[in-house]
Amino acid sequence: MADFFAAHRETLDRALQAVSVRDYWSPYPEVPSGKVYGETAKADGEAAFKAALDSKFDLHQPTDGRWIGSEISPYGFALGTTYPAADVEQLIEASEAARPAWAAAPVETRIGVALEVLQRLNKRSFEIANAVMHTSGQAFLMAFQAGGAHAQDRGLEAVAYAYEELRKIPGAVLWEKPQGKNPPLQLDKTFRIVPRGVALVIGCSTFPTWNSYPGFFASLVTGNSVIVKPHPGAVLPLALTVRIARKVLSEAGFDPNVVLLAVDTADAPIAQTLALRPEVGIIDYTGGPAFGGWLEEQARGKQLFTEQAGVNSVVVESTDNFKGLCGNLAFSLSLYSGQMCTAPQDIFVPAEGIETDQGHKSFDEVCDGLSLALEKLLGDPDRAAAVLGAIQNEATLQRIEDSKGFGTVVRASAQVAHPQFEKARMATPLLLKVEAAASEAYAEECFGPIAFVVATPDAEAGLTRAAALAKTKGAITAGVHSTDETFLAKAEQAFAEAGVSLSENLTGQILVNQSAAFSDYHVSGANPAGNACLTDAAFVANRFRVVAVRRPHAA
């Protein structure tokens, strides 16, 4: 049997160092280059993806004989891939049967298996990128990075944090309590890690791997068996993940049912039934607040980790780079058509305008600057396709249409053609301007390429509103532009109290949307946008418990 832990020990040690110092590091190259992944990797990955189309994706796991699948690429074609279905009872029984041996395995063995899975996922990054692209709508480069390398980074980060917590617990100790002149009291104590049970990972349609890998790997290495329930519209990326994990588990001598795929359809969902099973001790959920709220109410007593909706804001007080500010915000609004949990939605600007390196800019001139930057960014069809990607869900297109009346249109959303995929669902951002008093327009999440420039009495009022929205509605990111250090200090305090990470004066290539593994804490868990952080110690430590055995020490 291969010693996966020894094989990947250097990677693990470097990951442990990275989460400690929070510097830049990644073992998984984000550039889809043949020089890195092999000269035939791109063609091989595309061929493997195409081979999965219009076919049965066998996982050799328990099934009731049904094959289901309804994925439609946002780029305009049905995948036609079907997956083995099973009823909930079958899945739970198989997961429970596989769990004890996995839970009893040494920590290093479980860590090694996870690291090997991650390495094999990385080698299949081109195949996974195609799967993510044609289920989520991400453009290929983003799918390769966010769906491949960066998702793998987040998975490794969770493994490192889990190992850090697990190795704090000694296996056996001699406990001695001094008794003065008398011999000390002595006990032999052994400590056992007890996993929580079956872990349920509920995937989302926009970032099926990036949002799922942290919970998946954290639960796995802490000794829990895992059932992965993908969104019906984005199954293939997680099916590939499950297939690879099952193969590695088998090679390591474990029942592959430690990891199972649970597929369903929009018409016959099974997530609720799975979530309420008593065997399920952990739930990781990414998605809308409706189902998230249901889980919070109904899945009491289980360890629940959520990332839900939020209203991300940018406060503009002043800038020494107006062109850079507009260009950076235009890119942030356009990237993946605003279908990111980190994308800004509300841009608070003083009604009297702002001071810039180009002189005073009125509120309308700020709006015009953003509109012009969007035009320059998206004017070229090839660049627009690479930035926007495609709209994952048709409901998002309808949301754009329904939002037009929420304010005055600064720049209308337009349907655009993709150079390669004639039937791709694509739309440029809708930019609206509203008065601060019209909070009914901008105070709820409008998922997709929809943004509001909000006129406030002054910058202080904008900061107050933005922080209040984060605190009451939730937010994952916030941004501020100001040349005044006193105002920046106020913004740092306000957003810290609202539990949201802040980016200041971004005018270059770094976007408020972006989150770097091993360095950035994604979601704080301190406002309604989510109750957990990807990734910190709290994200992994509650996935297991510790029990002790004590006996008198034998002299």
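Predicted model: local features only at pLDDT ≥ 70, side-chain atom pairs only at ≥ 80, totals over all residues.
A helix crossing is called left-handed if the near helix is turned anticlockwise from the far one by less than a right angle, and right-handed if the turn is clockwise. By that convention, α4 passes α7 in a right-handed crossing.

**Helix packing**

- The axes of α4 and of helix α7, which covers residues 125-136, come within 7 Å of each other and cross at roughly 50°.
- Because angles under 35 degrees count as roughly parallel and those from 65 to 115 as roughly perpendicular, α4 and α7 are described as oblique to each other.

**Backbone features in loops**

- Most residues other than glycine have a negative phi, and most peptide bonds are trans.
- Asp54, although not a glycine, has a positive phi of about 50°, and its place is in the loop between α4 (41-52) and β1 (67-68).
- With a relative accessible area of 63%, Asp54 is exposed, since the term applies to values over 50%.
- Asn505 likewise has a positive phi, near 55°, in a residue other than glycine, and Asn505 lies in the loop between β20 and α20.
- The relative accessible area of Asn505 is 33%, so this residue is partly exposed.
- The loop between β20 (501-504) and α20 (537-541) is also the place of Thr535, and the peptide bond that leads from Leu534 to Thr535 is cis, with omega near 0°.

**A nonpolar patch on the surface**

- Val173, Trp175 and Leu185 form a nonpolar patch on the surface, and together these three residues have about 230 Å² of accessible area.
- Leu185, one of the patch residues, is found in strand β6, which spans residues 182-195.
- Leu185 counts as partly exposed because its relative accessibility is 43%, which falls between the limits of 20% for buried and 50% for exposed residues.

**A pair separated along the chain**

- The C-alpha atoms of Asp364 and Val410 are separated by 9.1 Å, while the two residues are 46 residues apart along the chain.
- Asp364 lies in helix α14, which is made up of residues 363-378, and with a relative accessible area of 39% Asp364 is partly exposed.

Conventions. Residues numbered from 1 in each chain as written. Heavy atoms only, no water. Patch = residues over 30% accessible without salt bridge, like charges linked within 9 Å, V, L, I, M, F, W, Y side chains within 5 Å. Areas by Shrake-Rupley, 256 points an atom, 1.4 Å probe, with all protein chains shown as cover. Salt bridge = Lys/Arg side-chain N within 4 Å of Asp/Glu carboxyl O. Helix = DSSP H or I, 4+ residues; strand = E, 2+ residues; numbered from the N terminus. Buried < 20%, exposed > 50% of the residue type's maximum accessible area, 1.4 Å probe, protein only. Axes fitted to C-alpha atoms, helices over the stretch in contact; angles between N-to-C directions. Parallel < 35°, antiparallel > 145°, perpendicular 65-115°, else oblique.
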